[in-house]
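Open the model in your viewer and keep the selection panel at hand. The stops below go from a sheet to a pair of helices.

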Amino acid sequence: MQNIDLHTLKVFDEIVRTGSLSRTAERLGLSQPAISISLAKLRRSFDDALFVRVGHAMKPTPQAEAMVDSVRAAIRAIEHTLTSRLDFEPATTRRTFRLAMTDVGQIVLLPRLLGALGRQAPSADLEIVNLTLQTPDLLEAGEVDLAIGFLPELPAGFFQQALFDERFACLVRTGHPRVRGAPTLDQLRAEAHVAVVTAGSAHTSMDRALDSLGVERRVAVRIPNFLGLPTVIGGSDHVCLLPGRAAAIMAEQPAVTAWPLPFELPGYVVKQHWHRRQMADPAHRWLRQLVGELFLAEVRAPAEALGRGAVSDAPPRAASR
């Protein structure tokens, strides 16, 4: 039975239809010896002559007659499988997309992505999971569609696309008794800092960069995410170094103000990452394109508009002093 393939099944079907090996060869574009070889395979597999010559025609045996409907169904099923392609229509899809991102990503990226989905795929759903060290395994297993954020090291089999450059800024309480404008290096050294330590974030690279610049800071508080940071900073005299876009969004709240740093701190590139198994999925391709269209313009923007440009030398709109 392992020798039975689509080609052999089509030979069987044409012999049934034409009752002739020569006409079967003509209709399938094959030589008559090739037809004879396929018929021999069928006969061996079923231990039956299948077709016998009666007059000038090849007539099916009872075994062959019993197989006709099943063979034709098999041909249709195989051809459908070989020619079928996944279809995807954003306007009607009810698919749930699973994205891995940090809490900064939820602050900066998620609102814009939700707005675009609402316009283009109103019935699609999103499930957000945390970006962690296990995210590559989830991408490879197909349990996560996209990972958006900072993943510096990925094994073979993954693809990535740069979305935008990110730089760091400083968040302080509006009306801070000592930091009344863009902080100086001495002020940053003197103030107590809040450090946000999350998996999949760029805080480790920021710490290394600060050390290389000789910038010392006293980390008085460590918290596991950014979501409560405006409340922590707005209710204390602590300061926090964080990604500039998140700082600008948080500074829309009157209680906090975002300022640029007094030194050039290397930033990082935010990318979307996916595994090659999803490369050709039309739904996945559409999602990647949507994310790219939303954020790629920023990576081509002038340098002053990137990251720290979100935090100007003047306080953001929400900072009223």
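**The sheet**

Select strand 7 (residues 168-173) and strand 11: four bridges join these strands, which run antiparallel. Helices (H or I, at least four residues) and strands (E, at least two) are DSSP runs, numbered from the N terminus, and two strands pair if DSSP finds at least two bridges between them. This is a predicted model, in which local features need pLDDT of at least 70 and side-chain atom pairs count only at pLDDT 80 or more, while totals for chains, interfaces and linings use all residues. Residues are numbered from 1 along each chain as its sequence is written, and side-chain values use heavy atoms, with hydrogens and water left out.

Pick arginine 173 next; opposite it, in strand 11, is valine 256.

The three strands make an open sheet, ordered 10-7-11, with antiparallel pairing. Strand 10 (240-243) and strand 11 (256-259) are at the edges with a single partner strand each, so one side of each has no neighbour in the sheet. On average, neighbouring strands here are turned by 35 degrees against each other, direction ignored.

**The helix pair**

Select helix 6 (residues 110-120) and helix 12 (residues 282-295), whose axes come within 11 Å and cross at roughly 125 degrees. Axes are lines fitted to C-alpha atoms, for helices over the stretch in contact, and angles run from 0 to 180 degrees between N-to-C directions.

Show side chains for the contact (heavy atoms within 4.5 Å). Helix 6 contributes Arg112, Leu113, Ala116, Leu117 and Gln120, and helix 12 contributes Trp286, Leu290, Val291, Leu294 and Phe295.
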